[in-house]
Amino acid sequence: MKRIILASASPRRKELLSQVGVVFEVIPSMEEEICKEKEPAKLVELLARQKAESVAAGVTGEYIVIGSDTVVTKDGEVLGKPSDKEEAFRMLYSLQGATHQVYSGVALVSCQNGEKEIRSFSVMTEVEVLPMEKQQIEGYIATGDCMDKAGAYGIQGCFAEYIKGIHGDYYNVVGLPLSRLMQELRRLL
């Protein structure tokens, strides 16, 4: 049986994989995220691949390493994790009252009988956020929930009250497109 390794310390990704019954171990990638790609779908795939390959380089035997990366885009601008509260406010202000896109990239590095195979894909989900007052944005930022998330929000937390709707995979917005991942994972097991 192949070891399944998640190349992420994200508590949300760990929870999602566990939710569907995957038995895995966690080896977070320490790879610095460097990518000049501007197109969001390609960007997240490349970053996911960097993470998966960096962890796979230190693993032996038969395994599948799962790397993932998520970004939020609004009007062509990529919004990663905010560096401070001011940047979080700017991001949330730009998202309120509008529709934006969430892209997650996943890369799977599989090794069987000494042969490596790499598969990657990306998924996009559209998210519509209700209009928000300045005080609501500041109140959400004060919870601290925004600082470790692309686009400065987590759909699964208290920000849920501001989500008008989504078109696409909810789990993609959380950070891991589970359905597509499981389809790909089963092909490699």
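## Pocket and salt bridges at a glance

The largest pocket holds about 770 Å³ of space. This is a predicted model, so local features need pLDDT of at least 70 and side-chain atom pairs count only at pLDDT 80 or more, while totals for chains, interfaces and linings use all residues. Residues are numbered from 1 along each chain as its sequence is written, and side-chain values use heavy atoms, with hydrogens and water left out.

**The largest pocket**

- A pocket here is an open set of points on a 1 Å grid over the protein atoms alone, where a 1.4 Å probe fits, with protein on both sides within 12 Å along at least five of seven lines. The volume is the space filled by probe spheres set on the points, which are joined across faces, edges and corners.
- The lining runs to 36 residues, and the closest to the pocket centre are Glu-33, Lys-51, Asp-69, Thr-70 and Lys-81. To count as lining, a residue needs an atom within 4 Å of a point.
- β3 gives the largest share, with 4 residues. Helices (H or I, at least four residues) and strands (E, at least two) are DSSP runs, numbered from the N terminus.
- By residue type, the lining splits into 17 nonpolar, 8 polar and 11 charged. Ala, Val, Leu, Ile, Met, Phe, Trp, Tyr, Cys and Pro go down as nonpolar, Asp, Glu, Lys and Arg as charged, and the others, Gly among them, as polar.

**Salt bridges**

- The count comes to 15 salt bridges, each being a side-chain nitrogen of Lys or Arg within 4 Å of a carboxyl oxygen of Asp or Glu.
- Glu-184 and Arg-119 pair up at 3.4 Å, N to O. That ties together distant parts of the chain, with Glu-184 in helix α6 (residues 178-188) and Arg-119 in strand β6 (residues 115-129), 65 residues apart.
- Glu-184 is buried at 9% relative accessible area, whereas Arg-119 is partly exposed at 25%. The cut-offs are under 20% for buried and over 50% for exposed, with partly exposed in between (1.4 Å probe, protein chains only).
- Lys-134 meets Glu-138 at 3.9 Å, N to O. The two sit 4 residues apart in helix α4 (residues 134-142), about one helical turn, and Glu-138 is partly exposed at 38%.
- Lys-149 bridges to Asp-145, with the closest N and O atoms 3.0 Å apart. Lys-149 is buried at 8%, and Asp-145 is partly exposed at 21%.
- Shared partners also join Glu-117, Arg-119, Arg-180, Glu-184 and Arg-187 into one salt-bridge network.
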